[in-house]
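Please look over the sequence and the structure shown here before reading on. The notes after them are meant for someone who is meeting this molecule for the first time.

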Amino acid sequence: MRARHVCCVKWAVVLSYFCLNALHRCSLAQLEILCKQLYETTETGVRLQAEKALVEFTNSPDCLSKCQLLLERGSSSYSQLLAATCLSKLVSRTSNPLPLEHRIDIRNYVLNYLATRPKLAEFVTQALIQLYSRITKLGWFDCQKDDYVFRNVIADVTRFLQDSVEHCIIGVTILSQLTNEINQADTSHPLTKHRKIASSFRDSSLFDIFTLSCNLLKQVCASGKNLNLNDESQHGLLMQLLKLSHNCLNYDFIGTSTDESSDDLCTVQIPTSWRSAFLDSSTLQLFFDLYHSIPPSLSPLVLSCLVQIASVRRSLFNNAERAKFLSHLVDGVKRILENPQSLSDPNNYHEFCRLLARLKSNYQLGELVKVENYPEVIRLIANFTVTSLQHWEFAPNSVHYLLSLWQRLAASVPYVKATEPHLLETYTPEVTKAYITSRLESVCIILRDGLEDPLDDAGLVQQQLDQLSTIGRCEYEKTCALLVQLFDQSAQTYQELLQSTNSSTIDITVQEGRLTWLVYIIGAVIGGRVSFASTDEQDAMDGELVCRVLQLMNLTDSRLAQAGNERLELAMLSFFEQFRKIYIGDQVQKSSKLYRRLSEVLGLNDETMVLSVFIGKIITNLKYWGQCEPITSKTLQLLNDLSIGYPLPKLVKLSAVQFMLNNHTSEHFSFLGVNNQSNLSDMRCRTTFYTALGRLLMVDLGEDEDQFEQFMLPLTAAFEAVAQMFSTNTFNEQEAKRTLVGLVRDLRGIAFAFNAKTSFMMLFDWIYPAYMPILQRAIELWYHVPACTTPVLKLMAELVHNRSQRLQFDVSSPNGILLFRETSKMITTYGNRILTIGEVPKDQVYSVKLKGVSVCFSMLKAVLSGNYVNFGVFRLYGDDALDNALQTFIKLLLSIPHSDLLDYPKLSQSFYSLLEVLTQDHMNFIASLEPHVVMYILSSISEGLTALGNIYTHTHCTTLYWVVYSGAKNDLKRPAAMATDDRFLHIMQQHPEMIQQMLSTVLNIIIFEDCRNQWSMSRPLLGLILLNEKYFADLRNSIVNSQPPEKQQAMHLCFENLMEGIERNLLTKNRDRFTQNLSVFRREVNDSMKNSSYGVNSNDMMS
């Protein structure tokens, strides 16, 4: 304690000189005023000025000394907060990090500061604890005299735990925040370093911290009546203890970084060394006892801990131990259900629903039924679920977990082998009935009270219906009978209301709302049909439900000229989609009793007649709902789904389909109109429509050019109209934009569908050369309007994409070269003009500029890799089309910051894919670039490798391979005197740090990360080693020396074996040998390092 105090005094004395020297520039009073202005003022201008001044303060060289002065003498909590925040930034920076001695002194100073000032403002205490946690995490592997100086975390907080309640709170909060800090990856530091620290902390400290938290919680339980939770400090201490326990249980033990959205699938990978804590039933009982003894404001944290305990991996126990553990867990759940008073709190209710869901996600139904109290527990859970569903307005987001539980239970029924009864045939129908009836009853209440309608949240409704589809198929006879009864009641009432002359609009709306829910639910239960578990009787029941929905559709469609209900129409489309998945296709038994029932009731004798109903509904929707985007898009998606695969030949024979193929104009389909569009982006659905029409047209098209010309007549007329407008000096610009955007979206759909050579050549001959100038003109005019240019650029990218080898020109045809010229012209025109628009606000830069640039990159990549152009002829005949396109690419690239290349996924994908093609086939161009451009490209490869992880690893490695191959090939075969003749190689020799950085990165990924592209990684690594043999030797020695003495020889041998038999060349045989060696190397290194507490400091490798 005294030594630590001496360090603090020493730090203060050393800094005092700097403090005094700094005051003339920015006094303590000025800093406090700025802090007050930043955190308290309501005037935006004043706050911005204060923020700017404080940013300058943070970046100033004497920031460290000023922060200490603020903590020592500042009278304002805000100035203390500023100091703590600034110090956190200083210790976190990767460039010019603070020396180890300074970080030790700051750590000791912070602990002493907290110990002597236990009643600081809460946010100041939190910031200082965050500072301590950050220093400890980042210095976890730092040694001083063979001592890991930042690892004595429990000793650091012991003095806090032995003092007042306020000190105890600080001590527990330190442990809690530290656990959370180490568990979370930091984007500013390598992921490998994070995992290494997290694993070491898990193995050395986490279990001790968890044990400490449990022991302190047991003391709380034992204190019983002496505990006064109305006292703010005691209440705060218990809350921090529970947070600490939860952070320990919520730790990412094996580096899976589980996503919160996959909460219901989570398994807690507790280490085997923790077995004792979970075999001892007192740990589980502790949290159940706490739940019943503390107020509802704290019990959600207890339930969160129980959720994690219930999710402990199954393999932690043997069968007998697991059964015992499950029995205690179920007993605790039963006790909560028997005393549900605290569940009236929404947070408690939500966490308890999560706990119930974990019962089935982590345990099998066969294990649950063997629990002694299972019959009583499943009855209580069923009653709780039914009550919860009936109170639909209470915590709607929690219902997901209850339905998840019952979905998993119902899905397990066919597989359960236990002799004990599971009783689901009794309780599952009750749950199904409660869900259905509660949704129907909610309609009237929502309309009466003006509440938010759950049907408007499509994602939530779909999620619940997916779960109900499995639950409802359990005891399907009861589900079907209930649905038939409720549907007939609502449909009859609805029909009577429509026929009555004095019925109120509210009554009609209520019935439409009820029918909407019923149609959604019927679609869901039909979609839940499992072919191997279904019977003829169940298919007949499906037939009963389908007949009723189709009859309702006929009724609502007959009224569309007067009125329609959007939600009901969306429910119909959902039903059709589910029906299509289950009963349309070549795997469906055409003798199914469903079709027999459809024939008896509706006269639909076979699948073709049912398809005609689908197409009829699609045409009706497009006719009457053309201005309703949700219905139009879902209708067109249904048409698109039908146009893929099996039903195509049958569809084409339908008269309704022929009608669409011959009459695709705004006269018949209003959404194709131009003048009534409110927004250019609303035309996106047109691409889907024409993709489906294109597939339908191709079925019988063959080489019939007359049929193709007939189909294209409406688009020909649109092109001619645009050409006419462009030919005049004055024209209606908005009309021209709408016509053109609609037209290119239509064409893109057709181009996407035409994936055969014959049909695509017809389209190519139709559009080139007649209409290509119109597209070029549009880019010239509206380059600054992304709503216009993006569709045009995407059409061009589609036209040059050699999908399914459809772009195969005859030997005597110049069309490949001519197509590239047009592509080059469009890229050059757009690129040169978009660079003139000046500064673009950050929130608009993607939509205004980067999206179009991304499409240009994709277009250029498609045409360069299409294999239908011989690019050598351009330079041979003095054609500058290729050079123009490539130079424009470079201009566009240099206008984009590296951060933007990494921040926007579509831009990243298009750029790195294009770069891969350029380095493979056009390395001469890359090598001829200016040094700063080459450096930009190399650094983008390096940053992409580390920042984008496994997403584009193959692309990055292939690109890097061709770069390295070009450099290493020349370096290895030329004498030293001639090496400088190669410009690209010269740049790499002038800047060896770039290649060295990439060598470190690739080696780092192979050794430490989940390297799923090991073959891809091996290709550039050999070239990098041959270009940097001395650096590789230094890196190897560094890695070997970082190992404990007893493992150094084994690590050295791994590296020796890696290069065994490898020659100084990049011939195929040599590369293949290296790839084999690397596979063995990675396995041996991982085995060597498994039990090592040292390992390699990956941060050093990356620096």
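This is a predicted model: local features need pLDDT of at least 70, side-chain atom pairs count only at pLDDT 80 or more; totals for chains, interfaces and linings use all residues.

**Salt bridges**
- The count of salt bridges comes to 35, and one of them links R548 with E544, whose closest N and O atoms are 2.9 Å apart.
- R548 and E544 are 4 residues apart in helix α24 (residues 536-558), which means that about one helical turn separates them; R548 is buried at 16% relative accessible area, whereas E544 is partly exposed at 23%.
- D557 forms a salt bridge with K617, with 2.7 Å between the closest N and O atoms, and because D557 lies in helix α24 and K617 in helix α27 (residues 607-624), the pair ties together parts that are 60 residues apart in sequence.
- E607 and K650 also meet through their side chains in a salt bridge (3.1 Å, N to O), and since E607 belongs to helix α27 and K650 to helix α29 (residues 648-652), this pair ties together parts 43 residues apart in sequence.

**Helices and the interior**
- Helix α23 (residues 505-527) is largely enclosed by the rest of the structure, because 18 of its 23 residues are buried.
- L639, found in helix α28 (residues 629-642), is buried with a relative accessible area of 1%, and its C-alpha atom is separated by 6.5 Å from that of A692, which is 53 residues away along the chain.

**Surface charge**
- A patch of negative charge on the surface gathers E703, D704, E705, D706, E709 and D765, and helix α32 (residues 705-711) gives the largest share, 3 residues.
- E705, found in helix α32, counts as exposed at 53% relative accessibility.

Technical notes: Residues are numbered from 1 along each chain as its sequence is written. Side-chain values use heavy atoms; hydrogens and water are left out. Patches are made of residues with over 30% relative accessible area and no salt bridge: like charges are joined within 9 Å, nonpolar side chains (Val, Leu, Ile, Met, Phe, Trp, Tyr) within 5 Å. Accessible areas come from the Shrake-Rupley method with a 1.4 Å probe; for residues, only the protein chains shown count as cover. A salt bridge is a side-chain nitrogen of Lys or Arg within 4 Å of a carboxyl oxygen of Asp or Glu. Lys and Arg count as positive and Asp and Glu as negative; His and the chain ends are not counted. The place of a charge is taken as NZ of Lys, CZ of Arg, CG of Asp or CD of Glu. Helices (H or I, at least four residues) and strands (E, at least two) are DSSP runs, numbered from the N terminus. Buried means under 20% relative accessible area, exposed over 50%, partly exposed in between (1.4 Å probe, protein chains only).
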